[in-house]
Each structure stands twice: as C-alpha cells, then as structure tokens.
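The sequence and the structure are shown first, and the description follows.

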Amino acid sequence: MKVIGVALMFSGIRSLVIGFCILSASSLHAGILTIELGGAELTNSMAGTIASDAIVVVFDDMGTPGTVRMTIDFNGGFGVRQDTKLNDIVFNLNPAQSITSISYLEGVKATKNGNPSIFWGANSVGSGGLAGADVYFDFPPPGSDPPFLPDSKSVYEIAGVGLTAQSFNFSGGNQPMVSPFVAAVHLNAVTADGKSGHYAGVVVSTPPDNPPSSTPEPGAFAIFAALTGMLVGNRKRKLAASC
C-alpha cells in the first residue's frame, strides 16, 4: 500500500509540473505580432490584386522586451508569379522607442552588391510609394545577390531599448495612395510583362501591451508551491491512515 501511495503521489506531482510548464511556455510566446501583406495594388499600376497573405511577417519578442525576431515569409499564391521578386518592405515603429541594431539570422539577405541595405529613422526611410516609413529592408534585384523569390524567407533580429513586437503596430508613411500603413511592400515582376506593384499590410494578430516575462510571475510560483504542498500533505495523511 505504501508503494502504491507513493507512486500515486509522484504521479500527481508530475501532472501538476507538466501543467505548470505548459502554462509557463505559453507565456514565452505571448509577444507576437503578425502582419499579412497583399490584396489590392495601391498605386494604380497594372500589377493587379494578389493573395491577401502573399507575404506574412511575424515579430516575436519571446515575451521579453529588448530584442524582437522578425521573420518575413514570401508565400506567394494567387496573382504572384514564381519569378516575382520582393524588392523592398517597410515598417513603422512606436515613436517612444528606437532601434539600436538589426542583425541577419537566416534566409535571404537585404543586401546590394554584398553590402547590408537596411535603414531606419523616424518617418525618413523608404522611397516612392513606400516613402516616409521608419524601418526599410531593401532586397536585391536579379544580379550578384540572390533575389527574394516566393517560397523563401528572411529572418532578422532587431534590438532596441524596451522594444517589443507591439512596437511595430503603428501606422505611418506619407504617400497618399499607400499611406497610412503598418507595413507595405514593393514587388517586382508581378505580371508577365514585368509590372511592379505596392501592397499594404493588415495586422491579423496583436500581442498584449505588456508581454509577460519569460520567467513565470512570482505569484505563479506561489500557487505552484501551495498546490504541490497540499498534494504531498494529502498523500502523507492517506499513507499514515493506511498503516
């Protein structure tokens, strides 16, 4: 009886630990902002409408302010040719925050002739239909650098004081046909005769204003400890009564 009781006790504790870990893990990814770019062309070009999620951008701060991972997935889809190129893409930033560095992680690089082609500044980067943005990634056309084609991705790490995924949920730009936008993209060779187009982004998931820390709250630890103590105490009393 003692062996069975001890086994049951540890089984209960294990279930509690697993549940607590799942709860903690879910808080790690609470700071996620997802933006889909596509839909109707915005500058009266002949490029036409494309899939609303032709490009999907995810900003993930892992629940901790300071560093945000940005992943650009060029999914393609309706209206996008296999040789369509993602030429440049822009975002906006909460004016209360600033960027200190942007580092390449994997996928297609934003480069021109092998040199990084990334710029940031309040309402001062981007060109043409994308002018007036805060953050600008300029990807290469065909040539010495690999272009950004459908079924490809680009991943960068953006650092800044207090920066979170929610920091990029702001509208900007100064081009009447395109602005305001949270994000906007310029695609080359959308049509067979080489027409390009500009498309805006739509936020499809928004993180909380204050993402939880990657370390569980002290209150959560207190609840976990209390429940564990109660479980152990109950098991001990049952074991003592059975002896």
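P141 counts as partly exposed because its relative accessibility is 34%, which lies between the limits of 20% and 50%. This residue lies in the loop between β9 (133-138) and β10. Its C-alpha atom is separated by 8.4 Å from that of K112, although P141 and K112 are 29 residues apart along the chain. These values, like those that follow, are computed from a predicted model.

In general, strands of a sheet pair through backbone hydrogen bonds, in either a parallel or an antiparallel manner.

| Strand pair | Bridges | Example of partners |
|---|---|---|
| β3 and β10 | eight bridges | D73 and K153 |
| β2 and β3 | six bridges | V58 and T71 |

In this part of the sheet, β2 spans residues 50-60 and β3 spans residues 67-74, while β10 covers residues 152-159.

**Aromatic pairs**

Which residues do ring pairs link into a cluster? The cluster consists of F59, F91, Y104, F137, Y156 and F168. A search of the whole structure finds eight aromatic pairs. In the pair of F59 and F91, the ring centres are 5.2 Å apart and the planes stand at 85°; the pair is therefore edge-to-face, a class that requires an angle over 60 degrees. F59 lies in strand β2 and F91 in strand β4 (residues 85-91), so this pair ties together parts that are 32 residues apart in sequence.

Are F59 and F91 buried or exposed? F59 has a relative accessible area of 0% and is buried. F91 is buried as well, with a relative accessible area of 1%. Both residues receive this label because their values fall under 20%.

**The largest pocket**

Rolling a probe the size of a water molecule over the atoms shows where empty space is left. The largest pocket has a volume of about 180 Å³. It is lined by 15 residues, of which L93, N94, P95, A122 and D134 are the closest to its centre. By class, the lining comprises six nonpolar, eight polar and one charged residues. Which strand gives the most to this lining? The strand is β8, which contributes four residues.

N123 counts as exposed because its relative accessible area is 55%, which is over 50%. Between N123 and G173 there are 6.8 Å in space, C-alpha to C-alpha, and the two are 50 residues apart in sequence.

Terms used
Residues numbered from 1 in each chain as written. Predicted model: local features only at pLDDT ≥ 70, side-chain atom pairs only at ≥ 80, totals over all residues. Heavy atoms only, no water. Pairing = 2+ DSSP bridges. Helix = DSSP H or I, 4+ residues; strand = E, 2+ residues; numbered from the N terminus. 1 Å grid on protein atoms, 1.4 Å probe; cavity = no way out; pocket = protein on both sides within 12 Å on 5 of 7 lines; lining within 4 Å. Points joined across faces, edges and corners; volume = space filled by probe spheres on them. Nonpolar A, V, L, I, M, F, W, Y, C, P; charged D, E, K, R; others polar. Phe/Tyr/Trp six-rings, centres within 6.5 Å; stacked < 30°, edge-to-face > 60°. Buried < 20%, exposed > 50% of the residue type's maximum accessible area, 1.4 Å probe, protein only.
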